[in-house]
Amino acid sequence: MSSPYPQGRLHRSRSFEIPGLSGRYPLTVYLPPDYDHSRKQYPIAYMFDGQNLFGDEGSFVGGWHLHEALDKHAAKGHTVPIVIGIHHGGPTRVEELTPWRMGRNAAKGDTFLNWVTGPLAKMAEEDLRILKGPEHTMVGGASLGGLMALYAHFRHPEAFGRVLSMSPSLWIHNGQIFRFVHAQPTPWTRRLYLDAGERERGTFQQAQEMARLLGRKGYAEADLMWRPDAKGSHNERNWRRRLPKAIRFLYD
């Protein structure tokens with residue numbers, strides 16, 4: 001069945017090697033519906049767990065169907081970003097998406113982010129028509145990816161001004177992200193979406209506390225959407241359900 005509105009285009013890249021990491025990382029890139037028919041420049045979003053963002057093959061409960069949500073948003077006249085979905089490295093996922101040690105797993109989150117903000121961003125600037133600057137650049141993910149997106153915003157405020165953090169794993173290393181965020185200056189450019197489901201037990205309470213911390217750091221209603229989900233559980237089905245509202249907040 002054909003779509004009732006224009007559709008964006010998906011491109012699967014070759015796999016990349018990242019210095020300091022042992023995995024191999026393909027990308028899935030989303031280009032907005034009018035990309036091939038204009039000379040416009042677009043905001044860009046770097047998102048983790050790219051294997052789950054578009055199709056259903058990466059998860060037992062289906063993927064995010066991010067391209068469909070973006071197509072619908074674009075059909076209403078809103079600008080949507082180019083999305084670079086970075087697939088995880090399989091067994092190395094915990095290492096690349098944690099800035100602090102988790103059990104026996106090494107913490108290689110900064111190594112991973114250095115590649116995103118360095119070689120990957122340079123490649124995107126050379127190959128795609130993107131708007132530069134943190135106000136046009138989003139980082140996003142869920143679970144460990146949600147933790148990493150939040151961390152990236154404060155670790156690299158010059159790079160990431162927009163954040164999509166769904167059900168973030170804030171408990172890593174005894175909640176070190178709270179101490180880290182508290183110690184950092186408040187990014188000058190900021191728009192942050194944060195959510196969690198009440199069925200996620202500790203994840204929900206910690207996300208709620210993070211929303212309070214961000215409020216104390218100066219994130220006002222225009223900067224922050226904290227979205228508690230009374231029926232939410234920790235899986236892609238719930239992130240897919242909450243995604244359209246997140247997109248509306250981040251790209252109004």
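This is a predicted model: local features need pLDDT of at least 70, side-chain atom pairs count only at pLDDT 80 or more; totals for chains, interfaces and linings use all residues.
Residues are numbered from 1 along each chain as its sequence is written. Local features need pLDDT of at least 70, side-chain atom pairs count only at pLDDT 80 or more, totals for chains, interfaces and linings use all residues, and side-chain values use heavy atoms, with hydrogens and water left out. Helices (H or I, at least four residues) and strands (E, at least two) are DSSP runs, numbered from the N terminus.

**The sheet.** Eight strands form an open sheet in the order β1-β2-β4-β3-β5-β6-β7-β8. Pairing is mixed; two strands pair if DSSP finds at least two bridges between them. β1 and β8 (224-229) are the edge strands; each has a single partner, so one side of each lacks a neighbour in the sheet. The twist averages 15 degrees from one strand to the next. β7 (residues 191-197) and β8 pair in the parallel sense over six bridges. A196 stands opposite P228 in β8.

Axes are lines fitted to C-alpha atoms, for helices over the stretch in contact, and angles run from 0 to 180 degrees between N-to-C directions.

| Helix | Strands crossed | Angle |

**Helix α1.** In α1 (residues 66-75), L66, H67, A69, L70, D71 and H73 are buried, meaning under 20% relative accessible area with a 1.4 Å probe, protein chains only. Their cover includes β1 (9-17), β2 (24-31), β3 (44-48), β4 (82-86) and α7 (236-250). Just after α1, G77 takes a positive phi of about 95 degrees.

**The α5–α6 pair.** The axes of α5 (residues 172-183) and α6 (residues 202-216) come within 11 Å and cross at roughly 5 degrees. That makes α5 roughly parallel to α6, the term for angles under 35 degrees. I177, F178, V181 and H182 in α5 meet Q206, E209, M210, L213 and L214 in α6; contact means heavy atoms within 4.5 Å.

**Cores.** A nonpolar core is a set of buried Ala, Val, Leu, Ile, Met, Phe, Trp, Tyr and Cys residues joined through side-chain atoms within 4.5 Å. The largest has 56 residues, and those with the most contacts inside it are Y46, I84, W115, I177, M210 and L214. α4 gives the most to this core, with eight residues. Leaving aside neighbours within four places in sequence, L214 is in contact with F154, V181, L192, L194, Y219 and L224. A second, separate core of 24 residues includes L70, A142, M225 and W239.

Methods:
Angles under 35 degrees count as roughly parallel, over 145 as roughly antiparallel, 65 to 115 as roughly perpendicular and the rest as oblique. Buried means under 20% relative accessible area, exposed over 50%, partly exposed in between (1.4 Å probe, protein chains only).
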